[in-house]
Amino acid sequence: STHSVKDMENIFQLVRNIVPTLHTKKHKGQDGKIGVIGGCQEYTGAPYFAGISALKVGADLSHIFCTKDAASVIKSYSPELIVHPVLDSPSVLQEVEQWLPRLNTIVIGPGLGRDDKILQNAKSIIEKSKLKGIPIVIDADGLWLIAQQPSIIQGYQRAILTPNFMEFSRLYEAVLREQVDSNDHHGSVLRLSQAMGNLTIVQKGERDFISDGDKVLVCSHEGSSRRCGGQGDRKS
């Protein structure tokens with residue numbers, strides 16, 4: 001319909017506003033340097049999708065900080081990614097911290113897994129990033145970590161959480177100590193954002209509900225009917 005075409009044009013304009021404009025005066029890195037914290041033996045595709053998607057929408061450099069046994073696999077997917085095999089290293093915090101001042105944002109969670117040691121390392125990286133005021137996007141097993149310890153990110157308004165339905169329910173119940181009302185997506189995402197200190201939450205689903213604790217935006221544009229692994233990682 002005409003209405004849906006007009007809506008799609010509005011979305012495209014919003015995207016154009018945030019994608020860096022290319023011109024000859026810029027130097028490498030000026031259009032964005034992204035760090036992805038994730039990637040282990042079992043999950044190598046997720047951090048690749050997150051890192052390569054950032055490049056495809058205009059970022060200049062994507063760094064993947066993964067475990068040692070995931071690094072060669074991820075490197076083989078693309079020569080464009082800068083891969084650091086440090087996530088399971090005893091010196092991981094020092095290794096990552098030296099790169100933080102050069103990054104514009106970090107994504108925590110794609111392919112992270114749930115190994116206690118790796119999760120503890122991810123927690124330490126979040127804490128260091130907060131001290132430096134770096135924007136943080138948390139998805140996938142990064143959200144599992146936050147559901148166990150919400151205080152890690154609570155109140156940090158430069159964070160965006162991007163849960164699917166199950167991840168949202170787990171986090172909601174951990175923070176608010178009650179079941180999610182599945183008939184009130186609008187109110188649920190608003191309440192969770194407020195309880196988390198007004199950080200931004202993007203609840204992914206048939207319709208995406210986005211809240212900063214003050215207002216709720218709804219995106220009802222239809223995506224792919226498939227629900228396969230990797231789709232959420234491209235969004236983060």
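## Briefing: aromatic pairs, salt bridges and surface patches

Tyrosine 48 is buried, with a relative accessible area of 19%; here buried means under 20% relative accessible area, exposed over 50%, and partly exposed in between, using a 1.4 Å probe and protein chains only. This is a predicted model, so local features need pLDDT of at least 70 and side-chain atom pairs count only at pLDDT 80 or more, while totals for chains, interfaces and linings use all residues. Residues are numbered from 1 along each chain as its sequence is written, and side-chain values use heavy atoms, with hydrogens and water left out.

**Aromatic pairs**

- Rings of Phe, Tyr and Trp (its six-membered ring) pair if their centres lie within 6.5 Å; planes under 30 degrees apart are called stacked, over 60 edge-to-face, and the rest tilted.
- By this rule the count comes to three aromatic pairs.
- The rings of tyrosine 48 and tyrosine 77 have centres 5.3 Å apart and planes at 65°, so this pair is edge-to-face.
- That pair links distant parts of the chain, with tyrosine 48 in helix 2 (residues 45-56) and tyrosine 77 in helix 3, 29 residues apart. Helices (H or I, at least four residues) and strands (E, at least two) are DSSP runs, numbered from the N terminus.
- Tyrosine 77 is partly exposed, at a relative accessible area of 37%.
- Phenylalanine 168 and tyrosine 172 make a tilted aromatic pair, 5.9 Å centre to centre with 35° between the planes.
- Because phenylalanine 168 and tyrosine 172 are four residues apart in helix 7 (residues 165-176), about one helical turn separates them. Both phenylalanine 168 and tyrosine 172 are buried.
- Tyr48, Phe49 and Tyr77 form one aromatic cluster.

**Salt bridges**

- A salt bridge here is a side-chain nitrogen of Lys or Arg within 4 Å of a carboxyl oxygen of Asp or Glu. A search of the whole structure finds six salt bridges.
- Lysine 26 and aspartate 31 meet through their side chains in a salt bridge of 2.6 Å, N to O. Lysine 26 is partly exposed, with a relative accessible area of 26%, whereas aspartate 31 counts as buried at 13% relative accessibility.
- Lysine 204 forms a salt bridge with aspartate 139, and their closest N and O atoms are 3.2 Å apart. Lysine 204 lies in the loop between strand 7 (200-203) and strand 8 (208-211), and aspartate 139 in the loop between strand 5 (136-138) and helix 6 (141-148), so the pair ties together parts that are 65 residues apart in sequence. Both lysine 204 and aspartate 139 are buried.
- Lysine 215 forms a salt bridge with aspartate 212, the closest N and O atoms being 3.2 Å apart. Lysine 215 is partly exposed, at a relative accessible area of 48%, and aspartate 212 also counts as partly exposed, at 22%.

**Surface patches**

- Patches are made of residues with over 30% relative accessible area and no salt bridge; like charges are joined within 9 Å, and nonpolar side chains (Val, Leu, Ile, Met, Phe, Trp, Tyr) within 5 Å. Accessible areas come from the Shrake-Rupley method with a 1.4 Å probe, and for residues only the protein chains shown count as cover.
- For charges, Lys and Arg count as positive and Asp and Glu as negative, with His and the chain ends not counted. The place of a charge is NZ of Lys, CZ of Arg, CG of Asp or CD of Glu.
- Glu42, Asp69, Asp115 and Asp116 form a negative surface patch. Aspartate 69 is placed in helix 3 (residues 68-77) and counts as partly exposed at 43% relative accessibility.
- A nonpolar surface patch is formed by Val15, Ile18, Val19 and Val57, with about 350 Å² of accessible area together. Valine 19 is found in the loop between helix 1 (2-18) and strand 1 (33-37) and is partly exposed, with a relative accessible area of 30%.

**Backbone points to look at**

- Alanine 140 has a phi near 50°, a positive value in a residue other than glycine. Alanine 140 lies in the loop between strand 5 and helix 6 and counts as buried at 18% relative accessibility.
- Asparagine 198 also has a positive phi, of about 65°, although it is not a glycine. Asparagine 198 is placed in the loop between helix 8 (185-195) and strand 7 and counts as partly exposed at 26% relative accessibility.
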